[in-house]
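Please look at the structure first.

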Amino acid sequence: MQRSILDSKKDPLGAMLLDYWNGREQAFVTVDSTLVEMSKMSGRIMFRQGDQSPIEHQALALCRGKILDVGAGSGCHSLYLQEQGQEVAALDISPGCIEVMEKRQVGQRLHNSLFNLENQKYDTLLMLMNGLGICGTLDGLNLFFQYIKPLLREGGQVLADSTDLESLYGREVIIPEKDGYYGETTFVMGYKDMKGDPFEWLYIDYVTLTYYAAFHGWQCDLIMEDGTGKYLVRIH
Ligand code: SAH
């Protein structure tokens, strides 16, 4: 899990999104992974309509109260919620993402890491685009469940998506490759001649998630699956 705000010289995603915003329509970051076949992330995808996929549409429909869009990226979900008249703040560690969201007129922006927030309370934490990934590892997931307790108001909820890589790639492909939990990976992003620091990212299957959640006193409801291993969960 990343706790500190990124340096703008090591913020390929933010730099790419700023270029995209300024008209470079083909902009994308390269993504090297120790595990998944993900070679790039494009500005076009990051700037998608917030409610484009069924999972995202459903997650946005379930948002209520004071909402924190965790790892807000280009702000596509914050903008959607803002337009619906909801109270939403967009949180990101990337200075470029925060700048893009300012240009797009996302009203409330927080430049920080989820794992540094203090003295704030929300009804909904929204975490989309494999949003649980920011926990980084299973150890990070344990910490996440502790961190969110003081961040949520009574009756509060987390709406998050993740992907079971075993469903996506098949057990025989994914398991033998890896020591430890099969959904833990390390990413390195690049844009033009800028390279970010490596960071950990977690893909967690639903059953393991429910097990970890229950250990910390949280309940998980499986809201929706998309048939490729990706699912939406409500944690409360
Ligand atoms: N939710 C957006 C963006 C997903 S990409 C979307 O659906 O399009 C993940 C985002 O999380 C990136 O913008 C990254 O900078 C941010 N991020 C990563 N770790 C974070 C942390 N610890 N706290 C807050 N934001 C984080």
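The model is predicted: local features need pLDDT of at least 70, side-chain atom pairs count only at pLDDT 80 or more, and totals for chains, interfaces and linings use all residues. Residues are numbered from 1 along each chain as its sequence is written, and side-chain values use heavy atoms, with hydrogens and water left out.

An open sheet of 7 strands has the order S5-S4-S3-S6-S7-S12-S11, with mixed pairing. Strands (E, at least two residues) and helices (H or I, at least four) are DSSP runs numbered from the N terminus, and two strands pair if DSSP finds at least two bridges between them. S5 (108-111) and S11 (220-225) are the edge strands; each has a single partner strand, so one side of each lacks a neighbour in the sheet.

| Pair | Bridges | Sense |
|---|---|---|
| S3 (residues 66-70) and S4 (residues 87-92) | 5 bridges | parallel |
| S3 and S6 (residues 122-127) | 3 bridges | parallel |
| S6 and S7 (residues 152-163) | 5 bridges | parallel |

Leucine 68 has alanine 89 as its bridge partner in S4 and leucine 125 as its bridge partner in S6. Threonine 124 stands opposite glutamine 157 in S7.

H4 packs on the sheet and touches S3, S4 and S6, where contact means heavy atoms within 4.5 Å. Of the 5 residues in S3, 4 are buried, that is, under 20% relative accessible area (1.4 Å probe, protein chains only).

Key: Buried means under 20% relative accessible area, exposed over 50%, partly exposed in between (1.4 Å probe, protein chains only). Axes are lines fitted to C-alpha atoms, for helices over the stretch in contact, and angles run from 0 to 180 degrees between N-to-C directions.
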